[in-house]
Amino acid sequence: MPSRLSLQVPPDFELFKAVCSYGHFLLAPSRWDRDKQQLHRVLRDTKQRKVHTRISQSIKSKPIAIHCDRTLSRDDQAFIKVQAIRMLRIDEDVTPWYKLHRTAKRRGFSRLFRGADLFEDIVKTITSCNVTWPNTVNMNRLLTEHVGHGGFPTPVQVADFGEQRLKDRCKVGYRAGRIAQLGRDVADGKLDLDWFEHEDRTSDEVYDALLKLHGIGPYAAANICMLLGHYGRLAIDTETYRHYCKHYDVKRPKDPSKLHKRIEKHYGQYDPYAFLA
């Protein structure tokens, strides 16, 4: 019998809000079924084999169910739960944020969807830089199809695939070198991604360490910090300009970078949750 897992959630947790909160839920291998309110996602077991899952929740605050396509060992079941908890940020304490932003509490907005692991988050951030969103979607679809064979590619798969094939078959352009080196460094043990996720790491430590990675600039580092739960930094891009100007009736200047200080000052009042605000 295929495994069916149950995962307890906080009283305020709603699956669709936790999923449909950040654009990464639209990137392969995640697929949100809007009609059935279910998340379809290929995860991996302890041996990096694919596990097709369907995640659902009957009602707010009730446990979520994880339907797997095959029978899993206890260790594999536990590993699937770890990935689901990370993606949906189930273990994140949102109380301080709700105290700071009551509108967010009323709307139930707190958890921003992310990947099953940090490698996925970094790669998806790289594919979102200096490109239109449809191209980001396409790059991740091709990475999933050609490199991950249906699941998001592992560091070993990326390293084995190589830079040139990443460029040719996954249409990632100049990002191929950055993604390939990241895969090699993680696969070879030169880069320990667990270091970034340690609870004792400060936002400054994480940000500075990210900037040392090949191809990671200030925007990407700030975005990855958010995906790691450090919300104090703003990843300002064209969408930030558009939102700020429209929402606060500000005329967009020819050089939108002149808005940086105004944007940072405005959202700085919600520190350390500026990104969420």
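**Stop one: a pair of helices**

Select residues 238–247, helix α13, along with residues 260–268, helix α14: the two pack at an angle of about 70°, and their axes lie 11 Å apart. Bear in mind as you look around that this is a predicted model. Angles of 65 to 115 degrees count as roughly perpendicular, so that is the label α13 and α14 get relative to each other.

Now show side chains. On the α13 side, pick T240, Y241, H243 and Y244; on the α14 side, pick H260, R262, I263, H266 and Y267, which they meet. Colour this contact by residue class and you'll get four nonpolar, four polar and one charged.

**Stop two: the loop in between**

Next, click P256, which sits in the loop between α13 and α14. Is P256 buried or exposed? Its relative accessibility is 16%, so P256 counts as buried.

**Stop three: the cores**

Zoom out for the nonpolar residues. The largest nonpolar core has 73 residues, and those with the most contacts inside it are L88, I122, L166, F196, L210 and I216. Highlight residues 218–227 too: this is helix α12, which supplies the largest share of this core, seven residues.

For a closer look, centre on L210. Which residues is L210 in contact with, leaving aside its neighbours within four places in sequence? They are F196, I216, A221, I224 and C225.

There is also a second, separate core, made of nine residues, including Y244, V250, I263 and A274. You've already selected two of these names: Y244 in α13 and I263 in α14 are part of the helix contact.

**Stop four: a serine in a strand**

Move to residues 50–57, strand β4, and pick out S56. With 15% relative accessibility, S56 counts as buried, because the cut-off is under 20%. Beyond its neighbours within four places in sequence, S56 is in contact with L15, Q37, Q38, I64, A65 and H67.

**Last stop: cysteines**

Select C20 and then C68. C20 is partly exposed, as its relative accessible area is 35%, whereas C68 counts as buried at 7% relative accessibility.

Notes:
Residues numbered from 1 in each chain as written. Predicted model: local features only at pLDDT ≥ 70, side-chain atom pairs only at ≥ 80, totals over all residues. Heavy atoms only, no water. Axes fitted to C-alpha atoms, helices over the stretch in contact; angles between N-to-C directions. Helix = DSSP H or I, 4+ residues; strand = E, 2+ residues; numbered from the N terminus. Parallel < 35°, antiparallel > 145°, perpendicular 65-115°, else oblique. Contact = heavy atoms within 4.5 Å. Nonpolar A, V, L, I, M, F, W, Y, C, P; charged D, E, K, R; others polar. Buried < 20%, exposed > 50% of the residue type's maximum accessible area, 1.4 Å probe, protein only. Core = buried A, V, L, I, M, F, W, Y, C linked by side-chain atoms within 4.5 Å.
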